[in-house]
Amino acid sequence: MILTIKKVPTVVSNYQEENSEKGFEGCGRNCLGKCCLPVSKLPLYAFKEDNSNLIGNSVEKSSEEQPRICFLHNLLLGQWEDRMSRGLFRYDVTACDTKIIPGRYGFIAQLNKGRHQKKRLTEFRVDKVLQDFDETKFNFTKVGQEEVLFRFEKSIDHNRHFFPSAPPITADSNSSSVVAINVSPIEYGHVLLIPQVLDCLPQRIDRGSFLLALHMAKEAADPFFRVGYNSLGAFATINHLHFQAYYLAAPFPVEKAPTRRIMTLKSPQDEGVIVSQLLNYPVRGLVFEGGNTVQDLSDSVASSCIFLQNNNIPFNVLIADCGRRIFLFPQCYAEKQARGEASQELLDTLVNPAVWEISGHIVLKRQEDFDDASETYAWRLLAEVSLSDKRFHEVKAYVLEAAGFQTDMEENNRDLEREPIYEQPSPEAVTHLPQDCMVFY
């Protein structure tokens, strides 16, 4: 099965040359640093933060809101295509071949030679999950504002709004969060969510930033738009806090993998967050869902991530199903590489198994790997990433405790065998867009 996506003519951007200063004055360009961003008038999407849960997730407007815009299809993807037509990407991702690998899981393979040849190199150690921000290294304050699609911030009046030209950031306001294009894209609509860009936060999860990412998935209101996170040591390449997201109208293999609920978990706050364990998947992981509110679910996952990073355990996160399901993968591939224990066959492929690869969308750099890709190959590649069964159960116990759950793991392991296996339905496409789904300029 071959996937097709909308083709948009693209010219590789002159803006992306490392030392280009043509046409810029002052700081070098109209950037996202403190010299330029506070006086900018970037578009602003103000989302509505509420205490509702994620069941039946929708983005209805109240009678006091402006005419509704379609956050994903008209705003984010529309603006992404605009930047594509202006030549702001390092290569044309819409020209990359993509196919579904035959087999039970339907792993997705993409041939993307440009990402290997033109992607920015990692500039920090890969054996430490927590590292201080270094302003001398590349960071997002050096990005030009032409790469920014809009600011993404919580509404102050509990209604959704879109401002094509927002007021400048004031000294007493919070640092702005922005959505920008990924100039080395993996897929159509590939963007970066950069929380509080002026605060120059290193790549580490905190509760506020994770909640922001969850709201982005919720606002998109389309299960084919996923949000991902890579920690340092798990193939994040920039030590400046960011999440990634893109649109791919096909189910990810991990979304279809069976799960088994961990039934003996109890939360003192009775938040109702459900934690399950992935079964019959090459990478061991946990799945979080439920909760009385969006923040309940967000805090449980964020607390788990904070434990992992504080204990120098690399990890990846996938926010799926409009924020309803969150996959957490502790991993060890970079550690294996450093110890010389990774398979040379897999090292030769140049594949970096980050969140998208672990989820089943595998970006390949060589023609022969793409041509010969099989489910056995994909399984073998991803299995290299996974913690051993023993190590995973150790980490799982600590993660669940950090997330606020109380459980006897020996009892839990016995009960786990008696729990039913849940087969997950594939995401369904959005069949139509609202009639008033428009952006006004």
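Author: The salt bridges follow, pair by pair.

This is a predicted model, where local features need pLDDT of at least 70, side-chain atom pairs count only at pLDDT 80 or more, and totals for chains, interfaces and linings use all residues. Residues are numbered from 1 along each chain as its sequence is written, and side-chain values use heavy atoms, with hydrogens and water left out.

The structure holds 14 salt bridges. A salt bridge here is a side-chain nitrogen of Lys or Arg within 4 Å of a carboxyl oxygen of Asp or Glu.

Take Arg325 and Glu289. Their closest N and O atoms are 4.0 Å apart. Arg325 lies in strand β14 (residues 325-330) and Glu289 in strand β12 (residues 286-290), so this pair ties together parts 36 residues apart in sequence. Strands are DSSP runs (E, at least two residues), numbered from the N terminus. Arg325 is buried at 8% relative accessibility. Glu289 is partly exposed at 21%. Buried means under 20% relative accessible area, exposed over 50%, and partly exposed in between (1.4 Å probe, protein chains only).

Next, Asp82 and Arg86. Their side chains meet at 2.9 Å, N to O. Asp82 is partly exposed at 27% relative accessibility. Arg86 is also partly exposed, with a relative accessible area of 44%. Salt bridges link Asp82, Arg83 and Arg86 in a network.

Last, Glu368 and Arg366. The closest N and O atoms of this salt bridge are 3.7 Å apart. Glu368 is partly exposed, at 42% relative accessible area. Arg366 is partly exposed too, at 26%.

Technical notes: Helices (H or I, at least four residues) and strands (E, at least two) are DSSP runs, numbered from the N terminus.
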